[in-house]
Amino acid sequence: RLSDTMEEGRIGRWLKREGESFREGDVIAEIETDKATMEFQAYDDGTVLRIIVDDGETAALGAPIAIVGEAGEEVAEPSAAAEQPAEPEPQPATSGSDPNVASSPAPAPAAQGNGKADVLRVSPIARRMADAAGLDLRSLAGKGSGPDGRIVKADVERALGSATAAPATPVKPAPAEPPAPGPAVSPAEGDEVRQLSPMLKAVARRMTESKTTVPHFYVSSEIDMTRALALRKELNEALADSGEKVSVNDLIIRACAQALDQHPQAHRSYVDGTHVYHAHAHVGIAVALDDGLIVPVLRDADTKSLRQIAAEARDLAERARAGKLRQPEIEGGTFTVSNMGMLGVSGFAAIINPPESAILAVSATIQRPVVRDGAVAVGDLMSVTLSCDHRACSGADGARLLQTVKRHLEAPTLLLA
């Protein structure tokens, strides 16, 4: 389990192929979870004897993805395994063993025919496709085009498209993703259909759950960033020789962390009919990827200085884009900042990431006329919208939180306190 909500994983790529040895701590594969692409490290020395789940294929949590052992060790061929009786689906590994790399092969479900047990080797994605379509995989026994006669995705696609495919056997379908609103739309000629990555599936599922089960309300404001931008410029000039740099988003994270510390009524989560008050502000930072979104968490932001926040936020964002985040760095957020100001967005409202109670949507900073001391001047104004879970905080709680964020950014020396 590489994330708290992970139920399956997809092999991004194997870095060690069959016959290659590895040492404890070596990265042997990249696993795509519902939150990120994670490096899978070996827990011991060994050799990859057989790859069960290949690049691009998906496996359920607890299922074996490879057989490892000593170099030259014999691995039973499918014909030998066929003489063994069928066994139940593999269970998650016990404590003290590697939960993702099997130490011995797990027999595939067997189908009875002519009084003998024949092993049916099927890739996970092919099995799910067949289950969803009601296709009896026994009709493809001995016809698999994968290694050792394994039934793969292409075999199921051919069978589903063939008029001579075996009659469907009633099967309980796998749980489906929540249907999109509106009528189903068939792809037009020339359209390309791509399967969602585990991360995009998780985003779709969680955002649907949030928008349909969490009562959102929104509080918006304009913040004069003139003094904050001047402070940022002064800090970056002073830090130039050290290589450190403070971004606008760092100032916002610092202001939010201070405000959350001051307003516990707006820094609590609604969980099973209770309010959970958070001891520290663990601020999620929304990072856009080429295909998707990930939210690394800057922990204990309320206890860190602006320079610490700047250094850690930059490191998290860089490793998020490189797929190098560790498990604790994508979990446990209590509040999120989603900044699209760099894209020139004039205003937007973000969807809460449960069980967090709020998320701040930050838009572009735009120069506009403002009135200061009775005179018109040019100000750098930034639009923000706070989305709140009405079960966790009231409208006044959200407004007070946003008011404090605004005060700290407009009087930015408070950010250095």
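**Note on the predicted model: strand pairing and a helix contact**

1. At 39% relative accessibility, Gln-308 counts as partly exposed; the class covers values between buried, under 20% relative accessible area, and exposed, over 50%, with a 1.4 Å probe and protein chains only. Gln-308 belongs to helix α7 (residues 306–321). Helices here are DSSP runs of H or I with at least four residues, strands are runs of E with at least two, and both are numbered from the N terminus. Between the C-alpha atoms of Gln-308 and Glu-244 the separation is 10.0 Å, although the two residues are 64 residues apart along the chain.

2. This is a predicted model, in which local features need pLDDT of at least 70 and side-chain atom pairs count only at pLDDT 80 or more, while totals for chains, interfaces and linings use all residues. Residues are numbered from 1 along each chain as its sequence is written, and side-chain values use heavy atoms, with hydrogens and water left out.

3. For the protein chain as a whole, eight helices and 19 strands are assigned. Of its 417 residues, 41% are buried. Among contacts (heavy atoms within 4.5 Å) between residues at least 6 apart in sequence, 62% join residues at least 24 apart.

4. An open sheet is formed by three strands in the order β2-β5-β7, with antiparallel pairing; two strands pair if DSSP finds at least two bridges between them. β2 (21–22) and β7 (66–69) are the edge strands, each with a single partner strand, so one side of each has no neighbour in the sheet.

5. Strand β5 (residues 46–51) is joined to β7 by four bridges, and the two run antiparallel. β5 is mostly covered, as six of its six residues are buried.

6. Strand β1 (residues 8–14) has antiparallel bridges to two strands. Three bridges join β1 to strand β6 (residues 58–60), where Glu-8 stands opposite Ala-60. Helix α6 (residues 248–262) packs against helix α8 (residues 395–410) at an angle of about 135 degrees, with their axes 9 Å apart. Axes are lines fitted to C-alpha atoms, for helices over the stretch in contact, and angles run from 0 to 180 degrees between N-to-C directions. The angle makes α6 oblique to α8; angles under 35 degrees count as roughly parallel, over 145 as roughly antiparallel, 65 to 115 as roughly perpendicular and the rest as oblique.

7. The crossing of α6 past α8 is right-handed, the near helix being turned clockwise from the far one by less than a right angle. On the α6 side, the contact residues include Leu-251, Ile-252, Ala-255 and Cys-256; on the α8 side, Leu-401, Thr-404 and Val-405 are among them. By class, the residues of this contact divide into nine nonpolar, four polar and one charged. Ala, Val, Leu, Ile, Met, Phe, Trp, Tyr, Cys and Pro count as nonpolar, Asp, Glu, Lys and Arg as charged, and the others, Gly among them, as polar.
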